[in-house]
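Thanks, everyone, for making the time this morning. I would like to walk you through one structure, beginning with the overall fold and then turning to a pair of helices and a piece of the surface.

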Amino acid sequence: MGNPFKAMIMGYFLPLLAAGIVAFVPDYDEQFIKWAAVIFVILLAMPIVLSFRFPSNKEKAYRLTLTYQLYAFTFLFTFPLLKVLKENIVFQLLLVIVFISIYFLARYDQRTEVPIVYPDGDKEKKWVAYVYYAIPFLLIILGFGGNYIITRTAFQLFGNEFMMPYVSTILYLLSCWLLFLLSSVAYKSHVKEGYLEK
């Protein structure tokens, strides 16, 4: 991975980018800006804390920080749907619980004989793996392929009241999919391949 310190420094741009994108989607909300700031402060403190955890190997601290930067990046993309449902704390809590459970589900999946993400070379992929890898393509199609003109036309046709929850749900599902992938890769590297023990 080249220089882990430089990669970690560059990694801070990912959550910043995500926070910038979702800050005004569907609208500006000071509460969510505060949450994004708290997440970023935690990320800034993380390499210091992890350096104490791995005093003889700062590279691990930097790489683990980069992992958490990627998790934060995915989590920030749940904010639009959380903001759409800001009047309903129960649904917000459920969405956060589902998102966090994806992290543990990926780790559990990696402990099965044939995990969905990166099974061993001698293992055949499960049918569910093909479904999993098809999800982002389906979501991109449902999200109008990221085409701004088509999206704007859909907003004009169906109105903000329908389109904001729709687009926010697609972003939420994409973030869950990406979290599953990142958690699986991290578990495979850090635990199964014993990276943290080296």
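Reading along the sequence, you can follow the chain through the pattern α-α-α-α-α-α-α-α-α, and the count that goes with this is 9 helices and 0 strands. Please keep in mind, as I go on, that what you see is a predicted model. Taken along the principal axes, the C-alpha atoms fill a box of roughly 55 × 40 × 35 Å, and of the 198 residues in the chain, 39% are buried.

Let me turn to the helix pair. Two packed helices are described by the angle between their axes and by the distance between those axes. Here, helix α3, which covers residues 30–53, packs with helix α4, residues 58–76, at an angle of about 165°, and their axes are 8 Å apart. Angles over 145 degrees count as roughly antiparallel, and α3 and α4 are therefore roughly antiparallel to each other. As for the hand of the crossing of α3 and α4, it is right-handed.

Is Ile-89 buried or exposed? With a relative accessible area of 53%, Ile-89 is exposed, because the cut-off for that word is over 50%. Ile-89 also belongs to a nonpolar patch on the surface, which it forms with Val-90, Phe-91, Leu-93, Leu-94 and Ile-97, and together these residues have about 600 Å² of accessible area.

How values were computed: Residues numbered from 1 in each chain as written. Predicted model: local features only at pLDDT ≥ 70, side-chain atom pairs only at ≥ 80, totals over all residues. Heavy atoms only, no water. Patch = residues over 30% accessible without salt bridge, like charges linked within 9 Å, V, L, I, M, F, W, Y side chains within 5 Å. Areas by Shrake-Rupley, 256 points an atom, 1.4 Å probe, with all protein chains shown as cover. Salt bridge = Lys/Arg side-chain N within 4 Å of Asp/Glu carboxyl O. Buried < 20%, exposed > 50% of the residue type's maximum accessible area, 1.4 Å probe, protein only. Axes fitted to C-alpha atoms, helices over the stretch in contact; angles between N-to-C directions. Helix = DSSP H or I, 4+ residues; strand = E, 2+ residues; numbered from the N terminus. Parallel < 35°, antiparallel > 145°, perpendicular 65-115°, else oblique. Left-handed = near helix turned anticlockwise from the far one by under 90°.
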